[in-house]
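Colleague: Before we go through this, I would like the basis for each label you use.

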Amino acid sequence: MILPYYIIIPLLAAFLISLIAGKKDNWAVILSVIATTALLVLSLFSFISMKDETVTYSMSAWSLPYGIVLVQDALTSFILVMVSIISFTSLIFSIQYIRHLSMDWKYYSLFMLLVTGMNGVIITGDFFNLYVFMEIALFSAFALVAYGSRAEEFEAAFKYAVMGSVSSFLILAGIAVTYSATSTLTMAKVAEVLPTNDQKVIFWIGALFMAGFGLKAAAMPFHAWLPDAHSSAPAPISSMLSGVLIKALGIYVLIRIFYNVFNAPEIFTKIFLVLGTISIIIGVFLAIGQWDMKRLLAYHSISQIGYILLGMGIATPLGILGAVFHLFNHAIFKSLLFYNAGSVEMALGTRDLRKMGNLMKILPTTSQTSLIASLSISGIPPFNGFFSKLIIIIAALQAGLPWYAVFAIIGSLLTLASFMKVQRYGFKGETTVESVENKVGWRMNTAMIILAVLCIATSLMVVPGIQEVTLDPVVKVIADKTEYIQLVLGGMNGN
Amino acid sequence: MIVYLLCFLLLLVGLYGVLTKRDLIKIILSIGILGYAVNLLLILFAYRKDSVYPILAKGKEVAQMVDPLPQALVLTSIVIELGTTAMLVALAIKLFEKYQTFDISQIRRLKG
């Protein structure tokens, strides 16, 4: 069984790093690169080989009513692949970037704990287990946001920690209500028991989970912590937070709970629609006025999360396809943009767009990859962002929601405008910068090039032959809704 | 019913503190209160009237016991809360070193 290894590998790496890595960080780098590479290979292998099977694993061989179950289906494998790709490239990027800050093994240890928490949340099939893994991921995220040890970073980390704890308590209260209504914590069992219960119970649990995980996903009324935390963290961590953490802890869990457990009640899909649209529009308006490059990118995360929520709210298979596709694409291009911001910050010592300029000459790889990522996030064909946004807009039109489609198009145009600003002032500006403070090394360039290639390569996922093996099984898991119950419980009975 | 309402009130007290207090330490304490309220909620859900502690011994029937699972959950959640509080206090100490104050209205270099 390979399921527990998604948790064991990064957890083991985190502890080994803290045990054997001394003053120098060489061992820490080697161990964490080995661990992330292993995870990448493992997740790609299982994604390709599993197709639409569902695999379950009982921890410590305690069977279902008593034990905790790990579940891997197409959605899980898909998100795991996303997390592995971003954590692998982030780590490659970190090696030079973090040495420039300090030579420290603690960073790598926390990084591996962050990966452990996310993988655990993704793969678990038990509510309370999910809560525990979520806290592991959040603790390491708080510490990593404050890693640079400047005043602003502590401020952002404190704000993030307060918001994170409040949302975690809301989620725990939701879990408590779930347990009292169903007497079980296994998601599949809860899904089996809930429909026979009172509708009121679903509203209570749904409201608590929506607020809790909405805060984690930074949908619009719950977004206040995100721009501070994501812009203050070191660049590779910003890309981990913006690229995968808000999706693994926020969107993925929302999908799992509201689709596979609650069978997508209409009132909640409507809330998804409204929150998504508000996030798209207000997020992009807040982004367009920023001059700090990382802050601008952080606000765009809110806006792009809005597209994913919109796709989920449409709730037709096409809408879900768009949402899942955009989830993946956003991880790729937003991480790439944060790497670009990080390498610019390292080379010039500033994040202010007005103080940049003339970067094509001194940072060729960074400027070219940032051009690709900007086109991708703005939705210009043939890059991946275009296809996923197009699918979401078409799905909105087909579902008879033309106004939502209009808002999505407006959001996309404003995104284009704000990235024109980044390119115009940041990378081609009149301010001439002659010398660089620090050179951007080959490792950072490699990480950027890998993601830039993926920006184009992932748009192939809409090609009919490829779509059937990549995206369609994922959509099937979500759209079949409570099919999840049979797959998980049936698999358990078979063992 | 009245105990649930009181528990909910405790939760609101915690939330009120987080939202309105300007002192970092008071915010941390409010988060603690919020945590206690949620833990209490779990314990209340496990309570059965006229029942005993859930330890299986001779002459005890399972039907008369309170539900042990939420108690186990609460233990876990208390440990997690300890971690949260330690993390927040560490950050508050660092913030005090940098800004020489615990007042959040003076700790605002990040805005926009």
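Modeller: Start with A:Pro382, found in the loop between helix H15 (364-378) and helix H16 (384-398) of chain A; helices (H or I, at least four residues) and strands (E, at least two) are DSSP runs, numbered from the N terminus. This is a predicted model, where local features need pLDDT of at least 70, side-chain atom pairs count only at pLDDT 80 or more, and totals for chains, interfaces and linings use all residues. Residues are numbered from 1 along each chain as its sequence is written, chains are lettered from A and ligands numbered from 1 in the order in which they are written, and side-chain values use heavy atoms, leaving out hydrogens and water.

Colleague: What is omega for the peptide bond from A:Pro381 to A:Pro382?

Modeller: Omega is near 5°, and the bond is cis. Most peptide bonds are trans, and most residues other than glycine have a negative phi. A:Ser60 has a positive phi, near 55°; A:Ser60 sits in the loop between strand S1 (55-58) and S2 of chain A.

Colleague: Why is H3(A) called roughly parallel to H13(A)?

Modeller: Helix H3 (residues 74-101) and helix H13 (residues 317-348) of chain A pack at about 0°, their axes 11 Å apart. Axes are lines fitted to C-alpha atoms, for helices over the stretch in contact, and angles run from 0 to 180 degrees between N-to-C directions. Angles under 35 degrees count as roughly parallel, over 145 as roughly antiparallel, 65 to 115 as roughly perpendicular and the rest as oblique, so H3(A) is roughly parallel to H13(A).

Colleague: What makes A:Asp73 and A:Arg256 a salt bridge?

Modeller: Their closest N and O atoms are 3.0 Å apart, and the rule asks for a side-chain nitrogen of Lys or Arg within 4 Å of a carboxyl oxygen of Asp or Glu. A:Asp73 lies in the loop between strand S2 (69-72) and H3 of chain A, and A:Arg256 in helix H10 (residues 235-261) of chain A, so the pair ties together parts 183 residues apart in sequence. Over all chains the structure holds 11 salt bridges.

Colleague: How many salt bridges are there between chain A and chain B?

Modeller: The count is 0. In contact (heavy atoms within 4.5 Å) are 34 residues of chain A and 37 of chain B.

Colleague: Which element gives the most to the side of chain A that touches chain B?

Modeller: H6(A), with 18 residues.
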